[in-house]
Structures are given as structure tokens and as C-alpha cells.
Amino acid sequence: MSAAYVLLVLTSFASIVFACNYPMRHYKSMGCIASNQKSSNGCPAHFDCPNLTDRKSDKCYIHGKVYDIGERVPSEETAGSCTILFCSSFNDTAHFSIAIIDCVEFFAPSGIDCVRQYRRGQCCSYGSVCGNSRNNLRTCSVGNETLYEGQRVESHDHKCHYGNLTLNVGDVLESETTAQGTISCRCEIPPMVHCELDNTKTLIKLFEDT
């Protein structure tokens with residue numbers, strides 16, 4: 001066996017044993033740059049995050065974009081059309097402020113046999129259709145509910161979906177053990193299932209076999 005082959009095997013083994021076992025995706029999502037230096041646990045010694053450290057006090061930053069004071073974040077990038085997120089200033093420092101739109105329908109119920117009409121991307125309704133006029137609107141079914149044309153759809157499905165399975169918050173799938181470790185999945189924040197890989201036992205076995 002050549003020395004080069006032995007070195008390759010040892011290098012590959014070391015990369016498995018000392019691979020970084022800490023989450024780093026949040027650094028990458030913020031555009032941070034990993035240091036070339038490695039710590040004893042195989043992780044980068046540090047990250048350089050110019051998007052966080054090189055910020056101006058008179059600007060607001062979100063989703064990789066920069067906003068001037070008084071500038072509004074587009075509604076498609078916020079929680080919904082009823083929420084306004086804008087850059088404001090306090091004590092000479094820029095920060096985001098949130099305003100909630102109050103529509104008339106929030107305080108006055110719709111009439112009997114009436115449905116409020118909404119346009120896509122708008123928070124408040126622009127009118128109502130009642131009586132026989134309402135019956136002339138087209139309808140569609142969402143679950144067990146029948147909706148009229150222009151009526152807002154309210155989501156009540158706070159469940160996780162995994163293949164053909166539907167899980168409630170707190171439900172846990174049966175763990176699966178692989179060569180890389182044990183995978184455990186549970187419904188934490190709908191609609192996606194949250195899975196974790198526990199490779200502690202795998203690493204211990206690698207050390208015991210050496």
C-alpha cells in the first residue's frame with residue numbers, strides 16, 4: 001500500500017470524523033464568508049459577515065435589500081397585504097416599523113345574504129354583493145366550504161404534510177436509523193415536517209473502531 005493511498009484514507013477518515021456538526025446555513029443565507037481556518041471540531045474558525053457588520057445607521061436591511069427611511073417594503077415580501085412594513089427612524093437610527101391596516105369590515109359585519117368582494121393583493125374589500133345578485137356569482141368549493149366569486153379564502157389548515165401523511169402539531173414520525181445516523185421527524189411548524197439527523201452514535205462507533 002503506497003504512502004499516498006494511506007494519506008488519502010486517513011484524510012477521508014478525518015473529514016468524516018471531524019466534519020462540522022453545527023448548523024451553518026443561516027450564515028450562508030446572510031452571505032457570510034467562512035474562514036479558511038478550521039477549529040478542532042472541523043468547523044470554520046469564524047465567518048465574515050459584511051452584510052451585518054458594514055451597515056449604515058440611516059438604512060434598513062431585510063431579505064438582502066436596503067431601504068431608505070420612509071421607504072416601504074413591498075406587500076408581497078411581508079406577512080400579507082394587511083401589514084405595512086416601512087423603514088423609520090428613532091434616535092437617529094433606522095429601524096423597521098409595522099402598521100396594520102384597519103378595514104371597515106373589521107368593525108362592521110356584512111349584511112345578511114351578502115358577501116364582501118376582494119381583489120388580489122388588496123387588504124380591504126371594495127364592496128359587497130347581496131341577495132339575488134350574490135346568487136348570480138360563480139362558486140367554488142374549498143374543503144367543505146362553498147365560496148362565491150370575489151370572496152376571500154381563509155386558511156384553517158395548520159397541519160404538516162409528509163407524502164400521503166397528514167400530521168398535527170406535535171406528531172412524531174417513526175425514527176429511521178441509517179449509516180449516517182438516526183433521522184427523527186416531527187410536525188413543529190406547519191406545513192413542513194421538521195427533520196433532524198443525530199449522528200452522535202455513528203461518530204462514537206467510528207472512534208471505537210479505530
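The stops below concern a surface patch and several disulfides.

**Before starting.** This is a predicted model, in which local features need pLDDT of at least 70, side-chain atom pairs count only at pLDDT 80 or more, and totals for chains, interfaces and linings use all residues. Residues are numbered from 1 along each chain as its sequence is written, and side-chain values use heavy atoms, with hydrogens and water left out.

**Stop 1: the surface patch.** Select Y27, M30 and L52, which make a nonpolar surface patch of about 230 Å². Patches consist of residues with over 30% relative accessible area and no salt bridge; like charges are joined within 9 Å, and nonpolar side chains (Val, Leu, Ile, Met, Phe, Trp, Tyr) within 5 Å. A salt bridge is a side-chain nitrogen of Lys or Arg within 4 Å of a carboxyl oxygen of Asp or Glu. Accessible areas come from the Shrake-Rupley method with a 1.4 Å probe, and for residues only the protein chains shown count as cover.

Now centre on M30, in the loop between α2 (25-29) and β1 (33-34). Helices (H or I, at least four residues) and strands (E, at least two) are DSSP runs, numbered from the N terminus. M30 counts as partly exposed because its relative accessibility is 31%; buried means under 20% relative accessible area, exposed over 50%, and partly exposed in between (1.4 Å probe, protein chains only).

Stop 2: How many disulfides does the model contain? The count is seven, where a disulfide is a pair of cysteine sulfur atoms within 2.5 Å. Select C32 and C49, whose sulfur atoms are 2.2 Å apart in a disulfide. C32 lies in the loop between α2 and β1, and C49 in the loop between β2 (47-48) and α3 (50-53), so the bond ties together parts 17 residues apart in sequence. C32 is buried at 9% relative accessibility, and C49 is buried at 11%.

**Stop 3: C103 and C124.** Select this pair next: a disulfide joins C103 to C124, S to S 1.9 Å. The torsion about the S-S bond is about -80 degrees, so this disulfide is left-handed. C103 is buried, at 1% relative accessibility, whereas C124 is partly exposed, at 25%.

**Stop 4: C160 and C187.** Finally, select C160 and C187, joined by a disulfide with an S to S distance of 2.2 Å. The torsion about their S-S bond is about 80 degrees, so the disulfide is right-handed. C160 is buried at 0% relative accessibility, and C187 is buried at 0%.
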